[in-house]
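Student: Could you walk me through this one? I'd like to go over it piece by piece.
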Amino acid sequence: MSSETQLSLFDDSTFNQQELIPTDAKIPIPPGTYSSMTELAQHCNQCHRCALGDTRTHAVVGRGNLQASIMIVGEAPGQNEDETGLPFVGKSGQLLEKILASVNLSTENDVYIANINKCRPPNNRVPTTDEMVACKPYLLEQIRLVDPKIILLTGASALKGLTGEKRAITKIRGQWLEWEGRLCMPIFHPSYLLRNPSREVGAPKWLMWQDIQAVRAKFDEIQKNT
Ligand code: SF4
């Protein structure tokens, strides 16, 4: 067999392997699989690597600036997100935008938002470990494509799903962690803040205010050094 024929066979098998990604969580998604977020979104919208694909209306891939310095990672879509195909819409999303705006950050300019799982778990239950593992390679590709300097992990599932960190979010929020050479900070999920509206010193909303100011300061420091 000529080396050219061998090469073309290799190309075919790589192509077939890529085509199979949305069908089975056992098919790996090597770094560099997708050259754009649009390509990745096409796979997510036809994906059945886990059972969440059976009940979704839309896969929720992400929104915001594709070249953002800050990436926010949440858990999974809720009902509004499943209906619209966009992450962090509804009350949680509005609060998140307000938090960002309070330190002059926005999803148009500075932030890209994505979730660990792209499809809505029934009744908004927490995604299972298997579901998170099945979907995580898509998120890793999104992180590679956006290449953020800072990753904010909203809530325990996002923290555990991306980094494997199992400490409670109340213990670890506001601390800078290093993951795969990137700076990460666990923060409260906006829906938790909606359930805990007190602004008193030490309350979750007050703590979030401290955290987002620390993020802004780090963002400024990074901008200055690049
Ligand atoms: S949640 Fe992720 S892995 Fe599961 S079906 Fe949706 S896109 Fe695929």
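This is a predicted model: local features need pLDDT of at least 70, side-chain atom pairs count only at pLDDT 80 or more; totals for chains, interfaces and linings use all residues.

Student: Okay, which residues come nearest to the ligand?
Tutor: Of the 14 residues around the ligand, the nearest are Cys47, Cys50, Gly53, Cys119 and Cys135.

Student: And which helix gives the largest share of that shell?
Tutor: That is helix α5, spanning residues 129-146, which supplies three residues of the shell. By residue class, the shell around the ligand consists of eight nonpolar, three polar and three charged residues.

Student: Staying with α5, how do the axes of α2 and α5 cross?
Tutor: The axis of helix α2, residues 37-45, comes within 11 Å of the axis of α5, and the two cross at roughly 170°. Because angles over 145 degrees count as roughly antiparallel, α2 is roughly antiparallel to α5.

Student: Which residues make that contact?
Tutor: From α2 there are Met37, Leu40 and Cys44, and they meet Tyr138, Glu141, Gln142 and Leu145 of α5. The residues of this contact between α2 and α5 divide into five nonpolar, one polar and one charged.

Student: New topic: where is Trp209 found?
Tutor: Trp209 lies in helix α9, which covers residues 204-224.

Student: How many other C-beta atoms are within 10 Å of Trp209?
Tutor: There are 15 of them, so Trp209 is partly exposed, given that a residue needs 20 or more to be buried and 12 or fewer to be exposed.

Student: How far apart are Trp209 and Leu100 in sequence and in space?
Tutor: Trp209 and Leu100 are separated by 109 residues in sequence, while their C-alpha atoms are 9.9 Å apart in space.

Technical notes. Residues are numbered from 1 along each chain as its sequence is written. A residue is near a molecule or strand if its C-beta atom, placed from the backbone, lies within 6 Å of it. Helices (H or I, at least four residues) and strands (E, at least two) are DSSP runs, numbered from the N terminus. Ala, Val, Leu, Ile, Met, Phe, Trp, Tyr, Cys and Pro count as nonpolar, Asp, Glu, Lys and Arg as charged, and the others, Gly among them, as polar. Axes are lines fitted to C-alpha atoms, for helices over the stretch in contact, and angles run from 0 to 180 degrees between N-to-C directions. Angles under 35 degrees count as roughly parallel, over 145 as roughly antiparallel, 65 to 115 as roughly perpendicular and the rest as oblique. Two residues are in contact if their C-beta atoms, placed from the backbone, lie within 7 Å.
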